[in-house]
Amino acid sequence: MTARGAGGASGRDVTAAAAIAPWAGTLSALTPELATALGPLLRRLDALIGTREPVTGAEGEPDGYGGLARGRRPERLLPSEWLLAEEFPEEFLRRWSEGELLELEAELRDTVSRGQVVALVDAGPAQAGAARLVQLAALLVLHRRAAARGTELLVGVLGDPPGRLIGGDLAELLPRWLKARQHSDPDPEDVRYAERALDPAAQCWLLTSPRLAARLPARRRTVVCEETGWSAAGVARVTVRVDGAPAVELPLPPAAVAVRALRGSGFRASAQLDAPLPAVGGALPAFTGSAATLLTRGRTPGVLIALDVKARGAVDGAARPRRHQLPGQVIAAGRTSGRLLVLYVRHGRLALHVSGRALSGSDDYRVEPAALGLPEPGSAGFAELMARPVLPLLREGEDLVLPVTGQWRRIQPGGLVSTDGPVVSTEDGRPFRHAREPRLSPVPLPAEASGAPHLVHGAGAVGWSEDGRTWEVRPARGENRRIHLGEGEAEVIGLVEDGLEPVLITCTPAAGLVRAVRADGNRTLTALSGGRTEPAVHPRLPLIAAEPRPGRVVVASAVDGRAHAVIRSTD
């Protein structure tokens, strides 16, 4: 009898592990203890949400498999279910009869827009404690469903400013969600306020209490939780209702595991680079050329910080933000031929600093700031220039070329300065933008683009528009594409390619919403949105650098917004 009892316990452990095996990718952000303890709650909640809104479409042409479902079709069962049949045939037969076995869900090709999955969470006092564990399980379910839809999960906290959403992978998203707190419970106006700032194509779920749900009776995609069962250790069971369906009582993890989870000790550390910069300045970092180097000024005068990135967009594992201390304030910088060239002001004159292989005659480029049309150091105009991103510094032959005060200025050896044409991208007082400057296009401009009032280039592609709304884009390879930006104000700040498909990167001036727009739809890069200045798009690589909140710079894919590096200030 003892042996049978031990075997039964082992069998339950194996069964529990097999049940959550399909969730391995999602649960990798949790400790094994918390992942196993959340298993029953997770599976039941997934079934409740999936019943109300399946991941795949109900109509359309077959297009492979797009997720997991519960059923009993042998040809679609997961290998883990057949393993269960071999090891525990009685449990397999029970699940077969109840239709609880996991199977692959057929994916159907349709024309429905697959926008982001957004979870608006109630972080008020009514949702403290056990309800937060249900929210955790719901976020894991929604994250997995978003991945099956080919999109991402974003989290908004009711009561936060509109458009401020938490994104990234689960290792980054979950700790930030857990820290979110509101001193009062939200009301329907908070929900409407948050929804108005979302992309119209987003699938928005609300995780809240019965009180708020009762005031929004017609709202779809609502998950309601309340405590219903207690034990000597505290809350043991909760009741969950999805979209007004009959309530279902669900179990909670053991009290000790639940407490550790609510304190944040159940999350694994993010594998992303979270490198502290010596001191991040007030201006957003910039890609000043085609080299994979991100540059920014420090808070203290004379500090320039550089971060090298790989061609594929990931941060170089051996690279860390490098601090360059110069004897004056940095005006322009650029990496070329293995050197980092920096033009800075020292003792009222411009001088050239070279990091890397020595450059003969580097002392021959000393000039007066006024010769370039620069404001006098110490003036309000000079302070405004220092608050903007570092200007690009090019080397053409023996000359240095940079855009200053609406003109391209050429500094020849010996300090001779000449004007080399207007800077198109800074017309009407706009900040310099590499992607909008015709001179910096790596390919010849089409005849139609040369006289267009709106121009953008990047990754060997060129886009132009007469009205700023409808764009004609000539990719590096393939036929032209026509891209419509839709309604609302949005400025094109970059052009990248996703395979052979051109993608316009736009930013709205008011809310700072960043979007990746292509011919067949758009995606809002919410995790990169809301910053005080425009993000920087790399002129050659599908990379974007944004500061969604002060002191935190995110380097991410410009196609889908997936973060490659998170760089934070130490102050």
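Author: In this predicted model, W177 is in contact with V121, R132, Q135, L136, L139, V155, I166 and F267, leaving aside its neighbours within four places in sequence. W177 also belongs to the largest nonpolar core, a set of 53 residues. Together with L30, L139, L140, L174 and V240, W177 is one of the residues that touch the most other members of this core. Helix α6, which spans residues 130–148, supplies the largest share of the core, namely 12 residues. Apart from this core lies another, of 27 residues, including A332, V367, I411 and L440. In soluble globular proteins, nonpolar side chains tend to be buried together.

The wider setting is as follows. The protein has 571 residues, of which 50% are buried, and contains 12 helices and 33 strands. Among contacts between residues at least 6 apart in sequence, 51% join residues at least 24 apart.

The mean pLDDT of the protein is 80, and 85% of the residues reach 70 or more. Residues 1–12, however, have a pLDDT below 50, and beyond near neighbours in sequence this stretch has one contact in the model. Residues 109–113 likewise have a pLDDT below 50, but that stretch has nine contacts beyond near neighbours in sequence. Where pLDDT is low, the predicted coordinates should not be read in detail.

Key
Residues are numbered from 1 along each chain as its sequence is written. Side-chain values use heavy atoms; hydrogens and water are left out. A nonpolar core is a set of buried Ala, Val, Leu, Ile, Met, Phe, Trp, Tyr and Cys residues joined through side-chain atoms within 4.5 Å. Buried means under 20% relative accessible area, exposed over 50%, partly exposed in between (1.4 Å probe, protein chains only). Helices (H or I, at least four residues) and strands (E, at least two) are DSSP runs, numbered from the N terminus. Contact means heavy atoms within 4.5 Å. pLDDT is the predictor's confidence in each residue, from 0 to 100.
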